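Welcome! Take a moment to turn the structure around on your screen, and then follow this short tour of its parts.

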Amino acid sequence: MQTKLARFTREVVALAQKAVVGNAKPAVQRGTGGYADWVIVSIHGLKTYLDLPYRRLLDVLHEMPRIARILGLERSQLPDFTTVCARMQTLKMPLWRTFLRLSAELHDTGEIQAIDATGMDRIAASQHYAKRTNYTFRAVKTTALIDCETGAILDIHCSMTQPHDSQVAWQLLTRNLDKLSILTADKGYDWELLRHKLRSEGVKPVIKYREFGWHGVANNVLLDDTIYHQRSNIEATFFALRRKYGEIVRARTWYGQFRELVLKCTVRNIELALSASNA
């Protein structure tokens with residue numbers, strides 16, 4: 001009988017192989033080729049799942065030959081922790097986004113989706129360290145699109161600035177119009193052009209109006225409260241992400257932090273799918 005960790009590892013490996021172009025490469029390339037991209041992606045998935053730093057993760061894998069073999073490696077072939085860390089920075093963002101998309105496809109999504117934003121803190125070790133590495137931001141603005149029925153995270157958008165929610169929304173939704181049926185959001189996404197664009201694509205917007213006058217109040221009265229209150233599912237998703245995978249991002253570069261957040265969302269999707277299959 002497979003352990004939960006073994007099942008998770010097999011699922012991560014399968015998705016990583018699909019996400020990487022040219023995944024017919026063997027797990028270990030001889031000569032100067034190094035490790036296949038899907039191996040590095042899979043190890044990062046395990047790192048997030050086990051919540052271990054790079055050094056300890058590789059130590060743990062050395063003591064788990066069965067898990068290492070799922071990665072196509074013997075214990076003597078496991079990469080050094082510095083290789084795993086460095087390779088995450090070289091793998092491009094489209095690969096990680098594809099990884100997230102494939103994990104979302106493990107779920108049979110429902111009719112209602114929700115969008116909202118939160119801040120994921122980046123806390124440096126000290127003020128001296130923050131100044132030396134030029135950290136001038138305190139949080140990564142993270143906008144997520146989820147399916148309300150399954151809790152699966154369909155996509156995310158990350159920013160180091162504070163763009164208005166309505167402007168980020170269309171950029172994020174454009175990539176996922178084929179997954180949308182009914183979209184619910186709070187007043188931060190109150191933009192009439194956004195509603196018009198969604199309707200033109202066959203998506204029903206259930207977005208709260210800002211009540212600057214009678215027009216906004218009247219429109220809010222006409223909203224379907226049952227659908228709108230499904231939006232609370234995304235708050236539960238943010239809470240679960242923070243509780244299970246930590247409240248801060250630790251990568252030193254902004255693009256590394258984006259990759260870290262995408263990876264956390266991917267691992268959560270896989271865990272939810274495995275839990276649903278056991279139910």
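## The chain as a whole

Of the 279 residues in the protein chain, 51% count as buried. Please keep in mind that this is a predicted model. The chain has 13 helices and seven strands.

## Helix 8 and its surroundings

Helix 8 is mostly covered, with seven of its 10 residues buried. Those buried residues are Asp165, Ser166, Val168, Ala169, Trp170, Leu172 and Leu173. What do they pack against? Their partners are helix 9 together with strand 3 (112–121), strand 4 (139–147), strand 5 (153–159) and strand 6 (182–185).

The crossing in which helix 8 passes helix 9 is left-handed. On the helix 8 side, the contact is made by Ala169, Trp170 and Leu173, while helix 9 brings Leu194, Lys197 and Leu198.

## Helix 3 meets helix 5

Next, find helix 3 (residues 54–62) and helix 5 (residues 81–90), which pack at an angle of about 125° with their axes 8 Å apart. That angle makes helix 3 oblique to helix 5. Here the crossing is right-handed.

Which residues make the contact? Helix 3 supplies Tyr54, Arg55 and Leu58, and helix 5 supplies Phe81, Val84, Cys85 and Met88. The residues of this contact divide into six nonpolar, no polar and one charged.

## Aromatic pairs

How many aromatic pairs does a search of the whole structure find? There are three. One of them joins phenylalanine 8 and tyrosine 49, whose rings are stacked, at 4.0 Å centre to centre and with 15° between the planes. Phenylalanine 8 lies in helix 1 (residues 4–19) and tyrosine 49 in helix 2 (residues 37–50), so this pair ties together parts that are 41 residues apart in sequence. Both phenylalanine 8 and tyrosine 49 are buried.

Another pair is formed by tryptophan 254 and phenylalanine 258, and this one is edge-to-face: the centres are 5.3 Å apart and the planes are at 70°. Both residues lie in helix 13 (residues 254–278), four residues apart, which is about one turn of the helix. Tryptophan 254 counts as partly exposed because its relative accessibility is 48%, whereas phenylalanine 258 is buried, with a relative accessible area of 12%. Together with Tyr255, Trp254 and Phe258 form one aromatic cluster.

## Two residues to look up

Is arginine 231 buried or exposed? With a relative accessible area of 16%, arginine 231 is buried. You can find arginine 231 in the loop between helix 11 (225–228) and helix 12 (232–245). Along the chain, arginine 231 and alanine 114 are 117 residues apart, yet their C-alpha atoms are separated by 5.5 Å. Setting aside residues up to four places away in sequence, arginine 231 touches Ala114, Asp116, Thr184, Ala185 and Asp186.

The other residue is glutamate 11, which is found in helix 1. Glutamate 11 has a relative accessibility of 25%, so it counts as partly exposed. Serine 103 is 92 residues from glutamate 11 in sequence, and the two are 9.2 Å apart in space, C-alpha to C-alpha. Which residues does glutamate 11 contact, leaving aside its neighbours within four places in sequence? They are Leu106, Ile270 and Leu274.

Note on methods: Residues numbered from 1 in each chain as written. Predicted model: local features only at pLDDT ≥ 70, side-chain atom pairs only at ≥ 80, totals over all residues. Heavy atoms only, no water. Left-handed = near helix turned anticlockwise from the far one by under 90°. Helix = DSSP H or I, 4+ residues; strand = E, 2+ residues; numbered from the N terminus. Contact = heavy atoms within 4.5 Å. Buried < 20%, exposed > 50% of the residue type's maximum accessible area, 1.4 Å probe, protein only. Phe/Tyr/Trp six-rings, centres within 6.5 Å; stacked < 30°, edge-to-face > 60°. Axes fitted to C-alpha atoms, helices over the stretch in contact; angles between N-to-C directions. Parallel < 35°, antiparallel > 145°, perpendicular 65-115°, else oblique. Nonpolar A, V, L, I, M, F, W, Y, C, P; charged D, E, K, R; others polar.
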